[in-house]
Amino acid sequence: MRVRIADMRSYRCRLQVVPALLCALALLVAQPADAVADDSDTHGGSGLGLSAQVVKLYEDVARATKRYEAGRQEAEGHRAQAQRIEGLLDRERREIGALREDLGRIARAQYRTSGGMPLTAQLILASSPEQLMRGQHVFSQTNMAVNNAIEKSRRAETQLAKDEAKAAKAWHGLEKRNAELAELKSGIEQKLEEARWELQGQADSFVAAGSCPGAVRLDQEETEFDGAWATPVETYELSASFGSGGSRWANRHTGQDFAVPIGTPVRAAGDGRVAKVSCGGAFGMQVVVQHTDGYYTQYAHLASVAVDQGDRVDTGQWIGQSGTSGNSTGPHLHFEVRITPEMGSAVDPAPWLADRGAPLG
């Protein structure tokens with residue numbers, strides 16, 4: 001019996017650990033309201049020009065995605081802690097079962113010790129004072145053990161019910177938080193998609209008319225580049241490469257295509273001056289930049305332009321936004337490197353960029 005009582009004391013200590021872990025999980029759940037509120041005023045850049053709206057929405061999506069991913073990773077980090085809580089709850093359940101078994105064991109031992117006789121009869125029939133004292137002691141100890149076991153079982157069952165309720169509430173809050181973040185992210189992405197195609201619609205109108213509207217200046221955060229050259233878009237997937245064949249080209253493909261969504265900021269590959277801005281023909285809306293080393297780069301199928309002819313540009317400066325204007329099968333940037341500003345003098349952009357410290361990924 002002493003062993004079981006010691007186990008009960010240890011069990012009482014373990015019960016105190018469960019609420020502490022549940023509090024840690026509750027802290028995680030309590031954070032999302034503020035996190036969601038920070039982005040709840042996102043409205044697609046109300047009052048801004050369409051090009052600027054698209055840029056702002058790109059930034060909002062990036063922030064929402066970062067916050068969503070941070071929340072998801074944080075939840076994953078706490079999952080192990082929650083599993084530990086569940087393990088402790090399971091241990092509580094097993095301990096309660098053991099306590100109930102103890103109650104039965106104690107009751108049976110009391111019955112066997114007393115021979116089933118009432119206490120008064122045991123006192124009357126005691127053959128000696130020693131036997132009488134021994135009987136009283138056994139009865140007192142057994143009765144105390146039964147009462148303690150009953151009380152411990154009651155407290156354990158009460159605590160288990162509370163811990164289970166806390167765990168369920170914490171998980172519900174966690175799921176609600178992640179759902180709110182996912183909904184926020186989805187809403188901003190939907191606004192961005194609508195703004196992208198509205199921007200593309202404007203570009204198609206300008207291309208059809210054969211005239212550009214003039215530079216739509218974009219606010220760009222100051223960015224430091226390690227080298228003098230950069231890829232024309234920051235994040236991309238490579239599609240049609242230089243020299244590849246296709247039914248949409250009279251000869252071989254004259255540039256490198258970067259598959260990017262409409263509205264992606266397009267940046268100057270290097271320092272130079274804008275040699276040409278035009279709207280119309282197979283390239284749709286395009287910009288050509290003359291660089292200090294004598295080469296030219298072309299950026300075609302744009303949805304907007306952020307520079308005018310004659311402007312100075314620096315490496316990485318935004319000169320427009322990608323689109324699918326002109327003879328295009330879908331949203332992408334057509335990038336060419338030329339010896340002259342005109343077609344027919346293109347060289348392979350991939351090794352050209354690599355030689356300048358800006359290799360394609």
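These notes go through a few residues and salt bridges in a predicted model.

1. Start with Asp257. It sits in strand E2, residues 256-259. Asp257 is buried, at 6% relative accessible area. Its side chain makes a polar contact of 3.0 Å with the side chain of His334. Another polar contact, of 3.3 Å, links the side chains of Asp257 and His253. Residues that Asp257 touches include Glu237, Ser239 and His332.

2. Next, Leu199. This residue belongs to helix H5, which covers residues 129-209. Leu199 is buried, with a relative accessible area of 1%. Among the residues it touches are Leu50, Val54, Gly263 and Gln321. Gln321 is 122 residues from Leu199 in sequence, yet their C-alpha atoms are 9.5 Å apart.

3. Now the salt bridges. The structure has eight. Arg63 pairs with Asp60, with the closest N and O atoms 2.2 Å apart. Both lie in helix H3 (residues 50-114), three residues apart, or about one turn. Asp60 is buried at 3%, whereas Arg63 is partly exposed at 42%.

4. Arg196 and Glu193 form it, at 2.8 Å between the closest N and O atoms. The two are about one helical turn apart, because they are three residues apart in helix H5. Arg196 is buried at 14%; Glu193 is partly exposed at 33%.

5. Asp293 and Arg356 form a salt bridge at 3.3 Å, N to O. Asp293 is in the loop between strands E5 and E6, and Arg356 is in the segment after helix H6, so the pair ties together parts 63 residues apart in sequence. Asp293 is partly exposed at 35% relative accessibility, and Arg356 is partly exposed at 21%.

Key
Residues are numbered from 1 along each chain as its sequence is written. This is a predicted model: local features need pLDDT of at least 70, side-chain atom pairs count only at pLDDT 80 or more; totals for chains, interfaces and linings use all residues. Side-chain values use heavy atoms; hydrogens and water are left out. Helices (H or I, at least four residues) and strands (E, at least two) are DSSP runs, numbered from the N terminus. Buried means under 20% relative accessible area, exposed over 50%, partly exposed in between (1.4 Å probe, protein chains only). A polar contact is a pair of N or O atoms within 3.5 Å; within protein, one must be able to donate a hydrogen and the other to accept it, and residues adjacent in sequence count only if both atoms are side-chain atoms. Contact means heavy atoms within 4.5 Å. A salt bridge is a side-chain nitrogen of Lys or Arg within 4 Å of a carboxyl oxygen of Asp or Glu. Lists of a residue's contacts leave out its neighbours within four places in sequence.
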